[in-house]
Amino acid sequence: MNCSQIRKMISPYVDDELRPADRKILLSHAEECDLCRQELTDAERVHHLFIRAERYEAPYGFTQRVIARVAEADSHLPWLVRASRAEPFFAYAAKATFALIVVAVGIISGRALVADRTVERQAAVQDSFSLDLFQATPPGSITGIYASLLRGDQ
């Protein structure tokens, strides 16, 4: 193993989370490599400092005050930053992209469904506005009957 792989194993070793086989590899490498041995020694010293450190109780209400201050600071941030903190940006972007795709598919499929009808309707509208269809006195209307009586068509 090379030094970078060994250095990744130092923290699990110090926390006693390393498998026995990897533990042997780390220790044998540290015997041969001065830099890795020094890093292992430094990590063990820091670990022992934390073990011997005094523990202090937080004052009453400390957690609530910290959370309230963080919430107050977050309320002044733009909505996009608050949204990105609430959930990972990738998830937020994926949801927005999915919504846009659904809208686009709806628009495209809607146009495809009414495209044939639109052509038929346009032809019907043009035919209805044609002056050839309009008669001054349609034959079945009261005006048409009156006009035929006046002309003498019986």
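**Reading the model, feature by feature**

Analyst: Start with one residue. Glu-39 has a relative accessible area of 34%, so it counts as partly exposed. Keep in mind that this is a predicted model.

User: How many helices and strands does the protein have?

Analyst: The protein has seven helices and zero strands. Read from the N terminus, the order is α-α-α-α-α-α-α.

User: Where is confidence highest, and where is it lowest?

Analyst: First the general idea. Where pLDDT is low, the predicted coordinates should not be read in detail. Here the average pLDDT is 82, and 77% of the residues score at least 70. Helix α2 (residues 20-32) has the highest confidence, with a mean of 93. Helix α5 (residues 79-86) has the lowest, with a mean of 64.

User: Back to Glu-39. Which side chain does Glu-39 meet in a salt bridge?

Analyst: In general, side chains of opposite charge can pair when their charged atoms come close. Glu-39 pairs with Arg-7, at 2.9 Å from N to O. Arg-7 sits in helix α1 and Glu-39 in helix α3 (residues 34-52), so the bridge ties together parts 32 residues apart in sequence. Arg-7 is partly exposed, because its relative accessibility is 32%.

User: How many salt bridges are there by this rule?

Analyst: The count is five. One of them joins Arg-45 and Asp-42, with the closest N and O atoms 3.9 Å apart. These two are three residues apart in helix α3, so about one helical turn separates them. Arg-45 is exposed at 53%, whereas Asp-42 is partly exposed at 34%. Another salt bridge joins Asp-22 and Arg-19, at 3.0 Å from N to O.

User: Are Asp-22 and Arg-19 buried or exposed?

Analyst: Asp-22 is buried, with a relative accessible area of 16%. Arg-19 is exposed, at 56% relative accessibility.

User: What does His-29 touch, leaving out residues up to four places away in sequence?

Analyst: His-29 touches Met-1, Cys-3, Ile-6 and Cys-36. His-29 belongs to helix α2. Its relative accessible area is 13%, so it is buried. Across the protein, buried residues make up 12% of the 154 residues.

User: Which residues of helix α7 are buried?

Analyst: Helix α7 covers residues 142-151, and its buried residues are Gly-144, Ala-147 and Ser-148. They span an arc of only 100° around the axis, so they lie on the same side of α7. The face turned away from that side carries the exposed residues Ile-142, Tyr-146, Leu-149 and Leu-150.

User: Which residues form a nonpolar patch on the surface?

Analyst: Phe-62, Val-66 and Val-70 form one, with about 240 Å² of accessible area together. Phe-62 lies in helix α4 (residues 62-75). Phe-62 is partly exposed, because its relative accessibility is 40%. The protein as a whole exposes about 13,400 Å², with 62% of it from carbon and sulfur atoms.

User: What is the phi of Asp-16?

Analyst: The background comes first. Most residues other than glycine have a negative phi. Asp-16 has a positive phi, near 60°, and is a residue other than glycine. Asp-16 lies in the loop between α1 (3-14) and α2. Its relative accessibility of 58% makes Asp-16 exposed. Gly-152, which follows α7, also has a positive phi, near 90°.

Notes: Residues are numbered from 1 along each chain as its sequence is written. This is a predicted model: local features need pLDDT of at least 70, side-chain atom pairs count only at pLDDT 80 or more; totals for chains, interfaces and linings use all residues. Side-chain values use heavy atoms; hydrogens and water are left out. Helices (H or I, at least four residues) and strands (E, at least two) are DSSP runs, numbered from the N terminus. Buried means under 20% relative accessible area, exposed over 50%, partly exposed in between (1.4 Å probe, protein chains only). Accessible areas come from the Shrake-Rupley method with a 1.4 Å probe; for residues, only the protein chains shown count as cover. Patches are made of residues with over 30% relative accessible area and no salt bridge: like charges are joined within 9 Å, nonpolar side chains (Val, Leu, Ile, Met, Phe, Trp, Tyr) within 5 Å. A salt bridge is a side-chain nitrogen of Lys or Arg within 4 Å of a carboxyl oxygen of Asp or Glu. The arc is that of the directions from the helix axis to the C-beta atoms. pLDDT is the predictor's confidence in each residue, from 0 to 100. Contact means heavy atoms within 4.5 Å.
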